[in-house]
Amino acid sequence: MDKKIINIDIGKKTIISNKNDIPIYDMYYVTVTYDNKETKTIKAFTYPDTINGTTNHEAINGFFQRLPNLMKEQGREDYIFLGRLELAGSTYIADRFYRLPSGEIAQAKFDIDYLKIKDVIEPGKHYAISDIHGYYGSYLDALHMLTPQDTLFILGDVIDRGNNGIAILQDIISRKKTSQNPKIIFLLGNHEWQMLQCLDLISKYQLSSTEISTYCEAGKWIINIKDDENDINTIQKSNSYYDKWQIYEKEKAIQGYKQKKSDALSQLTSPKNLTDNEIALLSAWLWANDGYLTYNQFILLTEQEKQDLYQFLMNSLLLAKIQINDKKFCLIHATPPNSQEYIDLIEEKNELGIIYSAVANYEPLIKMCIDTRKTDNYDAFQLWKNSGYTMIIGHTPSKRVYCGKSKYKFHMH
Ligand SMILES: [Mn+2]
């Protein structure tokens with residue numbers, strides 16, 4: 001089993017900067033060639049000497065000191081460090097690459113015994129990932145763990161929270177257009193649904209960027225009003241002195257929010273006829289869910305790219321089914337529909353699942369599929385389980401998921 005490495009290529013296309021918690025470091029994927037002609041892609045980290053002309057050794061040193069543990073936690077030893085020996089300990093270092101001031105990579109004498117490569121992925125598997133939320137580097141990271149024979153299901157919410165949601169969508173779209181491997185199957189999440197609805201509103205009322213931010217400001221107060229009104233309805237079931245005081249406080253707050261809402265709207269020179277629900281929707285996406293990060297990138301696209309992206313989302317799956325070794329799986333962003341009718345429908349259909357545009361007008365169904373927490377709807381899961389399905393979902397995070405011997409940490413979004 002001892003394969004000898006005979007060459008390493010640095011692919012400049014996959015440089016990732018600004019990832020994680022240090023100002024700048026670069027991560028590359030390098031292709032390793034073995035003496036039996038096999039190749040394998042592994043991660044390589046570099047140490048930049050300066051950042052924008054200054055040096056921040058403290059942050060970078062800290063990161064590289066944590067790197068071996070971070071990688072160990074992910075169950076990977078298949079990475080290399082390109083750069084300074086004293087920073088990363090001695091185990092995984094190929095201290096034979098240097099980055100020239102021009103940005104070019106120079107390769108000096110290279111000692112393959114410095115590298116430890118471990119095969120961790122078997123080919124031809126199905127993987128699912130969800131809620132990437134704008135982290136383009138993490139998305140590429142996931143793709144590089146796959147072989148061309150694998151299939152990756154992405155269960156929605158690739159946009160918002162992080163900066164690069166549009167880049168992720170663009171990449172998924174171009175891979176689909178050119179039938180690239182590994183195959184990616186994308187499902188819609190609640191964030192993409194909100195985006196579609198907001199793009200419709202922005203186009204319906206021809207909203208300018210100033211109008212969008214003004215309506216967002218007003219929408220914050222509408223959301224606050226709705227929240228307090230809901231609270232009051234819940235409180236009124238009891239009649240204690242404390243509850244009466246709470247209601248009084250909330251009603252007072254609502255009066256304040258209403259004033260702030262009308263102050264915000266009075267900034268508009270020629271107001272358009274948006275309903276409170278429409279204003280709240282804009283605000284919920286662009287403000288509460290950080291959709292402005294996505295929207296600011298969306299508006300930089302060409303008209304054709306905007307159209308392609310919109311159509312791609314409209315024609316994305318809401319629900320997918322798959323059968324592996326006689327075992328049935330149903331994949332969805334949040335919660336399966338609580339109805340036997342849908343189980344029968346997807347059993348009948350010799351297709352991958354249900355496309356969003358086919359059911360776009362059935363709002364309660366969509367809400368159930370992509371915006372309900374599993375704890376709210378245990379019955380639905382039981383129903384699908386009874387029909388032999390194992391459900392794979394995103395949206396509601398578990399703190400840790402065990403995958404073989406490796407632990408993967410998940411972030412709350
Ligand atoms: Mn979600």
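Analyst: A crossing is left-handed if the near helix is turned anticlockwise from the far one by less than a right angle, and right-handed if clockwise. The structure discussed here is a predicted model, in which local features need pLDDT of at least 70 and side-chain atom pairs count only at pLDDT 80 or more, while totals for chains, interfaces and linings use all residues. Residues are numbered from 1 along each chain as its sequence is written.

User: In which hand does helix 5 pass helix 6?

Analyst: The crossing of helix 5 with helix 6 is left-handed. Helices (H or I, at least four residues) and strands (E, at least two) are DSSP runs numbered from the N terminus.

User: Why is helix 5 called roughly antiparallel to helix 6?

Analyst: Helix 5 (residues 209-235) and helix 6 (residues 241-265) pack at about 165°, with axes 9 Å apart. Axes are lines fitted to C-alpha atoms, for helices over the stretch in contact, and angles run from 0 to 180 degrees between N-to-C directions. Angles under 35 degrees count as roughly parallel, over 145 as roughly antiparallel, 65 to 115 as roughly perpendicular and the rest as oblique. Helix 5 is therefore roughly antiparallel to helix 6.

User: What makes helix 4 and helix 7 oblique to each other?

Analyst: Helix 4 (residues 190-204) and helix 7 (residues 276-288) pack at about 130°, their axes 10 Å apart. The pair is therefore oblique. Helix 4 also passes helix 7 in a left-handed crossing.

User: Which residues of helix 4 and helix 7 meet?

Analyst: Gln194, Met195, Gln197, Cys198 and Leu201 of helix 4 meet Glu278, Leu281, Leu282, Ala284, Trp285 and Leu286 of helix 7 (contact: C-beta atoms, placed from the backbone, within 7 Å). By class, this contact has eight nonpolar, two polar and one charged residues (nonpolar: Ala, Val, Leu, Ile, Met, Phe, Trp, Tyr, Cys and Pro; charged: Asp, Glu, Lys and Arg; polar: the others, Gly among them).

User: Why do strand 13 and strand 14 count as edges?

Analyst: Four strands form an open sheet of mixed pairing in the order 13-11-12-14 (pairing: at least two bridges found by DSSP). Strand 13 (353-355) and strand 14 (389-393) each have a single partner strand, so one side of each is left without a neighbour in the sheet. The twist averages 20° from one strand to the next.

User: How do you know that strand 12 and strand 14 pair?

Analyst: Five bridges join strand 12 (residues 327-332) to strand 14, and the two run parallel. Lys328 stands opposite Tyr389 in strand 14.

Terms used
Contact = placed C-beta atoms within 7 Å.
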